[in-house]
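Subject: Structure handover

Hi there,

Here is the structure I promised to pass on to you. Please open it alongside this message, and my notes follow below.

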Amino acid sequence: MSEQPTGSGEEKKSTVAIRVSPAFKQQLDSVVSLTKMTLNNAGVEALEDWVAKILSDPKVREKAMENLQAEEQALNERRQALQNMLRSDTAASSTEGTSSRSTPRKK
């Protein structure tokens with residue numbers, strides 16, 4: 001049984017599970033046993049290489065930038081909506097104190 005890092009300066013890890021055929025798993029185990037790598041480290045290396053390859057495609061990079069811009073726009077819209085709500089709540093609170101209403105406002 002192996003222990004996972006619990007902190008102390010090391011970054012936390014997330015688990016990613018993949019399904020492969022029994023024959024391919026056997027092949028992976030055989031190849032990994034020829035190296036000093038663990039199956040986990042081999043998988044991380046393979047995924048890092050795959051991500052780098054995918055991100056080297058200009059079309060993928062362009063799409064990623066479009067997605068980032070869309071997320072930023074949505075975030076700015078939510079921020080503006082919250083600021084508007086806070087301003088209107090602040091304005092309502094300050095006018096309630098000076099209001100001549102005889103009954104308290106229901107919330």
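Let me start with a side-chain pair: asparagine 76 and arginine 79 make a polar contact through their side chains, at 2.7 Å. Asparagine 76 belongs to helix α3, which covers residues 58-97. With a relative accessible area of 38%, asparagine 76 is partly exposed, because that value falls between the 20% limit for buried and the 50% limit for exposed. Do keep in mind as you read that this is a predicted model.

Now for the overall layout. The protein has 3 helices and 0 strands, and reading along the sequence gives the pattern α-α-α. Of its 107 residues, 2% count as buried.

Next, the charged pair. How many salt bridges does the structure hold? The count is 1, and the partners are lysine 25 and aspartate 29, whose side chains meet at 2.8 Å, N to O. Both residues sit in helix α1 (residues 22-33), where they are 4 residues apart, or about one turn of the helix.

Leucine 55 is found in helix α2, which runs over residues 39-55. The relative accessible area of leucine 55 is 39%, so this residue is partly exposed.

Finally, a look at the largest pocket, which has a volume of about 920 Å³. Its lining consists of 24 residues, and those nearest the centre are Val16, Asn40, Gly43, Val44 and Leu47. Which helix gives the largest share of that lining? Helix α2 does, with 8 residues. Helices α1 and α2 each supply at least two residues of the lining.

Happy browsing, and do write back with any questions.

Best wishes

Definitions and conventions: Residues are numbered from 1 along each chain as its sequence is written. This is a predicted model: local features need pLDDT of at least 70, side-chain atom pairs count only at pLDDT 80 or more; totals for chains, interfaces and linings use all residues. Side-chain values use heavy atoms; hydrogens and water are left out. Buried means under 20% relative accessible area, exposed over 50%, partly exposed in between (1.4 Å probe, protein chains only). A salt bridge is a side-chain nitrogen of Lys or Arg within 4 Å of a carboxyl oxygen of Asp or Glu. A polar contact is a pair of N or O atoms within 3.5 Å; within protein, one must be able to donate a hydrogen and the other to accept it, and residues adjacent in sequence count only if both atoms are side-chain atoms. On a 1 Å grid over the protein atoms alone, a cavity is a set of points where a 1.4 Å probe fits but cannot get out, and a pocket is an open set with protein on both sides within 12 Å along at least five of seven lines; lining residues have an atom within 4 Å of a point. Grid points are joined across faces, edges and corners, and a volume is the space filled by probe spheres set on the points.
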